[in-house]
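Dear colleague,

Please find below the sequence and the structure that I am handing over to you. My notes on what was found follow after them.

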Amino acid sequence: MEARDATAGAFVSRSGKEQTAKKDGAPRTNTPPTQSRMERIFGFKAEDLSSWQNLVVLLNRPTDPASLGIFRFLFGLLMAIDVTQERGLSHLDYKYLDGAPVCRFPLFNFLQPLPLDWMYLLYLVMFLGAVGIMLGCFYRLSCLLFISTYWYVFFLDKTAWNNHSYLYGLIGFQLTLMDGNRYWSVDGLRRPSIRNAHVPLWNYTLLRTQIFIVYFIAGIKKLDADWVEGYSMSYLAHHWLFDPFKVILPVELVSLLIIHGGGLVLDLTAGYLLFFDATRPYAFFFVSYFHCMNSQLFSIGMFSYTMLATSPLFCYPDWPRRFFAGFPSFLSSVLPLTSAESQPSTSCVYKEVQSAEGQETPTAAKAFKLRLKHKLAAIFTIVYIAEQFFLPYSHFITKGYNNWTNGLYGYSWDMMVHSRTHQHVKITYRDGNTGEIGYLNPGVFTQSRRWKDHGDMLKQYATCLNELLPRYNISDPEIYFDIWVSINERFQQRIFDPRVDVVKADWSPFRPNPWLMPLLVDLSPWRTKFQEIESSLDNQTEIVFIADFPGLHLENFVSEDLGNTSIHMLQGKVIVEVVEEKKNYTLQPNEQINVPAGAYHKVYTVSEEPSCYMYVYVNTTEAALQDNFTKLFEIQERIRNGTETEPLPPELQPLLVADSEDAEVNATDPIVQLFLKRQRRMKEVKKRREAGLLERLERFAVKKYYTIRRGFLMMAIAVRNLAVGLPPLDQLRREVAFANMKGPQEEANQNDPLKDEVGHGEL
């Protein structure tokens, strides 16, 4: 393209003439002396869109392969790392252990995992495919190996779906169809005919549009009222990354303006700002800052780095040539090419130009004519882009996957728009023959918690339980779920009807779920009142807001640790039944009742409208423990500064040598032992936080080394098992133990969490 390719701009600041001269690396012709405003801004003329043939020529216009080649390398590198981490190579044996009774959640029920050793072989193929993409070695084959295994693993477990994992699969699919091995690739060394050859413009158009969609649709989804009002991610404001903003703004405004407002504006504008030359430097700064922050805020694997790698795609395609031209010449053998000339390619369409004698001459004799493959490439580009704009809003088709939010989380780009907390989950089974009723531990036979929010997964889970429970003498079981969820700081409420036997319940991917309970959006204004109530409480008082439907009841058990538990009525009418006392109490708005600890009670909603009430309680055990910790800390401080004059009783003697590693072992009082353990852990945490950059990098590198090491050693064991058979059990046990070896710091801490600390996530 004479002025610029269809969506690229300057990476290095130069004059307009220099940018024009560097554009595509195509054989230079007589450039038109003047350009229209549209051509200067967008890189193409209105005539390029005036007919189907012109559009095909535009999308197949020869473009420099340099930027695409660099992105291919970075994407392959990041995916190779991703296989060992977020794809789960390092803990594959825990997830797919042969013979374990596990309920799984594939997209299609006929999909099942392979035997464990074969799963390791499949991951090896995926890893080699990613490395092949990175090196540009047997490029098409590597892409096929990667995407076939990647999508199989992706479809195998819906509970692991997220937007960025979906994006990786899309990019891998796109690269399979592109000429990504034309620059800085092993294939280019093997086949000189493709080395440094032009790529058609649609290669860049697809990738840039995909990234634009990721940003823009994510911004559109953030126009949701909960995000705009600051309820989606309010907890992030307390993270240390936002401390600089808290110097000038209160926490509430940091959440509303910086996190929610800033996130909305960035997503809506990032794609546009990256597009234009004048705004691209600012876009690079804010987008890079945004993704670097996300890498610290969330456990999202390689996503932040992948998005950083996509940003240069919006620059002029020849930016790597200018960038690497500044490196010393002795590195030229390993660095990408810096020469401006590119070879013609049959994948592109070249225009005819006027020779000196006035005759038309093609710039590339073999490739200037339109061919069927050029038209198919243009059709694919248009159809794919249209499909990607449509898919995030296709939930009116797949109605069965809609819950309080639309569709399966992962392909809608509604990133971080909804946050959930689960207060109460109960699974009840009923023996179909005897009528016996029992309860299951939430999450039994499964390794995921995502099933609690999705009707399709709940149906799969109930079906799996129906098949597994007969092994435990429970015949033809009926399965009932009572799941309480709060979304974006609303009331805790039921998401599914607890009276429905989910095993026999009707579910279809194309019809609304009939046993989904509606989200009580009419009660959303109460959230302002929640904040007022919570701000009036002391640090030891906890509160839970509940909303329930007419005709239903909540059965609850108050732990003995929770003293002074009371129910305060906010709206509607309920009857509280204290089971042991066999007494009923009626509550209306502004009334309250204390409920006994260590006993069951039931709260029946008897009003015609949903009832709203709140539990207020104090964790008396934890409060007493904190008081004891405070007293022990005061004694310890007096010992250290020499002001303790009274002799210590035997159970407090370990405080005299609190810094010794044997202090915990010698402590006989459990409170003192827990206090010393807590003090040691707090000291370790403080040391970690105050560590220098080199120490932090070393700790990070050691942790990643042992994680990756385990994955590859277990993979080697599996491949050996497939090749020559299983070794003796003792040898296999030693090999697995060697693979499980951890770093010194991890071994010291892995069995030492503060599990004995008292805490209550739910009543």
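Predicted model: local features only at pLDDT ≥ 70, side-chain atom pairs only at ≥ 80, totals over all residues.

Ile-379 belongs to helix H17, which spans residues 372–390. Together with Trp-52, Leu-372, Leu-376, Ile-382 and Val-383, Ile-379 makes a nonpolar surface patch of about 580 Å². Helix H17 gives the most to this patch, contributing five residues.

Overall composition

The protein has 763 residues, of which 48% count as buried. Its chain forms 25 helices and 16 strands. The accessible surface comes to about 37300 Å², and carbon and sulfur atoms account for 59% of that area. Among contacts with a separation of 6 or more, 72% are between residues 24 or more positions apart.

The nonpolar cores

The largest nonpolar core holds 119 residues, and within it Trp-451 and Phe-481 touch the most other members. Setting aside residues up to four places away in sequence, Phe-481 touches a list of residues that includes Lys-426, Ile-427, Trp-451, Leu-458, Tyr-461, Phe-496 and Pro-498. There is also a second, separate core of 17 residues, with Leu-562, Ile-567, Met-569 and Tyr-617 among them.

A covered strand

Strand E9, made of residues 541–548, is mostly covered, with seven of its eight residues buried. Strand E9 runs antiparallel to strand E16 (residues 611–619), and eight bridges join the two. Within this pairing, Phe-545 has Met-614 of E16 as its bridge partner.

Salt bridges

Side chains of opposite charge can pair when their charged atoms come close. A search of the whole structure finds 31 salt bridges, and three of them are described here in turn.

In one of them, the side chains of Lys-222 and Asp-267 meet at 2.9 Å, N to O. This pair links distant parts of the chain, 45 residues apart: Lys-222 is in the loop between helix H10 (201–221) and helix H11 (225–228), while Asp-267 is in helix H13 (residues 251–275). Both Lys-222 and Asp-267 are buried.

Another joins the side chains of Glu-478 and Arg-430, at 3.5 Å from N to O. Because Glu-478 lies in strand E7 (residues 478–487) and Arg-430 in strand E5 (residues 420–430), the pair ties together parts that are 48 residues apart in sequence. The two partners may be set side by side: Glu-478 counts as buried at 16% relative accessibility, whereas Arg-430 is partly exposed at 33%.

A further salt bridge is formed by Glu-684 and Arg-680, whose closest N and O atoms are 3.1 Å apart. Glu-684 and Arg-680 both lie in helix H22 (residues 670–689), four residues apart, which is about one turn of the helix. Glu-684 is partly exposed, with a relative accessible area of 25%, and Arg-680 also counts as partly exposed, at 28%.

Residues with positive phi

Most residues other than glycine have a negative phi.

Asn-196 has a phi near 60°, a positive value in a residue other than glycine. Asn-196 sits in the loop between helix H9 (186–190) and strand E2 (199–200), and with a relative accessibility of 6% Asn-196 counts as buried.

Asp-476 is not a glycine either, yet has a positive phi of about 40°. The place of Asp-476 is in the loop between helix H18 (455–468) and strand E7. At 45% relative accessibility, Asp-476 counts as partly exposed.

A last residue

Asn-54 lies in helix H3, which covers residues 52–59. Asn-54 is partly exposed, with a relative accessible area of 28%. Leaving aside neighbours within four places in sequence, Asn-54 is in contact with Glu-47 and Asp-48.

With kind regards

Conventions. Residues numbered from 1 in each chain as written. Heavy atoms only, no water. Buried < 20%, exposed > 50% of the residue type's maximum accessible area, 1.4 Å probe, protein only. Pairing = 2+ DSSP bridges. Patch = residues over 30% accessible without salt bridge, like charges linked within 9 Å, V, L, I, M, F, W, Y side chains within 5 Å. Areas by Shrake-Rupley, 256 points an atom, 1.4 Å probe, with all protein chains shown as cover. Salt bridge = Lys/Arg side-chain N within 4 Å of Asp/Glu carboxyl O. Core = buried A, V, L, I, M, F, W, Y, C linked by side-chain atoms within 4.5 Å. Contact = heavy atoms within 4.5 Å.
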